[in-house]
Amino acid sequence: MDKSHFFKSVQMPFFSKKKEITPQEAVQGLNVAIENLEKKNAVVEKKIQAQMVIAKQNAKTNKSAALNALKLKKKWEKMRDENDRKLLNLEGMKDQLENSQIDMTTLKAMQVGAASMKAMHKKYNVENVDDVRMDIEEQTQMANEINDAIAQPMGYLNELDDDELADELEDLLQEDLDRNLRMMN
């Protein structure tokens with residue numbers, strides 16, 4: 001965009017309500033104004049230096065010309081100082097605008113995050129968590145029952161009597177005890 005065309009193409013809100021300026025356009029406009037003031041100050045600084053040269057050249061020979069040069073130098077210094085204050089104001093405004101843009105981006109991101117969390121919490125709330133926990137407990141209990149059922153003896157092992165097996169084991173132990181006693185005698 002042509003810098004000189006910027007202020008002609010964008011209407012300031014206090015002059016007209018034709019077009020609202022975006023933050024990016026406002027920053028660009030501030031950059032143009034800053035650049036113009038810096039250029040102006042460069043020219044003013046050259047004029048200050050030129051008046052200084054004239055004052056020095058005429059200090060001994062033409063005091064009136066020297067005094068006029070010093071007066072012009074003071075005028076240009078005052079303009080430079082005013083421009084410096086304007087530059088500070090514009091830079092400050094630009095910084096505030098850029099910070100505001102960052103704040104708005106941050107706020108929008110936070111709003112999106114909050115809306116996303118809200119949507120998730122509509123689907124999943126404390127009751128849903130309790131329901132899921134109960135489902136997990138039911139499924140765990142069912143898995144244990146299935147595991148127990150699978151671990152039950154099958155076929156001929158199922159036909160064995162635990163009492164009968166315990167009696168047989170007792171008999172084996174008694175026989176072993178009797179044999180040990182006979183060996184001692």
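The chain holds 6 helices and 0 strands, where helices (H or I, at least four residues) and strands (E, at least two) are DSSP runs numbered from the N terminus. Followed along the sequence, the pattern reads α-α-α-α-α-α. This is a predicted model, so to speak read with some cut-offs: local features need pLDDT of at least 70, side-chain atom pairs count only at pLDDT 80 or more, and totals for chains, interfaces and linings use all residues. Residues are numbered from 1 along each chain as its sequence is written, and side-chain values use heavy atoms, with hydrogens and water left out.

Of the 185 residues in the chain, 14% are buried; buried means under 20% relative accessible area, exposed over 50%, and partly exposed in between, with a 1.4 Å probe and protein chains only. Contacts are counted when heavy atoms lie within 4.5 Å. Among the contacts with a separation of 6 or more, 65% link residues 24 or more positions apart.

Now to a pair of helices. The axes of helix 2 (residues 23-58) and helix 3 (residues 63-123) come within 8 Å and cross at roughly 165°; axes here are lines fitted to C-alpha atoms, for helices over the stretch in contact, and angles run from 0 to 180 degrees between N-to-C directions. Helix 2 is therefore roughly antiparallel to helix 3, a label for angles over 145 degrees, with under 35 counting as roughly parallel, 65 to 115 as roughly perpendicular and the rest as oblique. The residues of this contact split into 23 nonpolar, 7 polar and 13 charged.

Leaving aside residues up to four places away in sequence, Ile 34 touches Leu 87, Leu 90, Glu 91 and Lys 94.

Glu 45 also sits in helix 2. Glu 45 counts as partly exposed because its relative accessibility is 28%. Its C-alpha atom is 7.3 Å from that of Arg 80, which is 35 residues away along the chain.

Technical notes:
Nonpolar A, V, L, I, M, F, W, Y, C, P; charged D, E, K, R; others polar.
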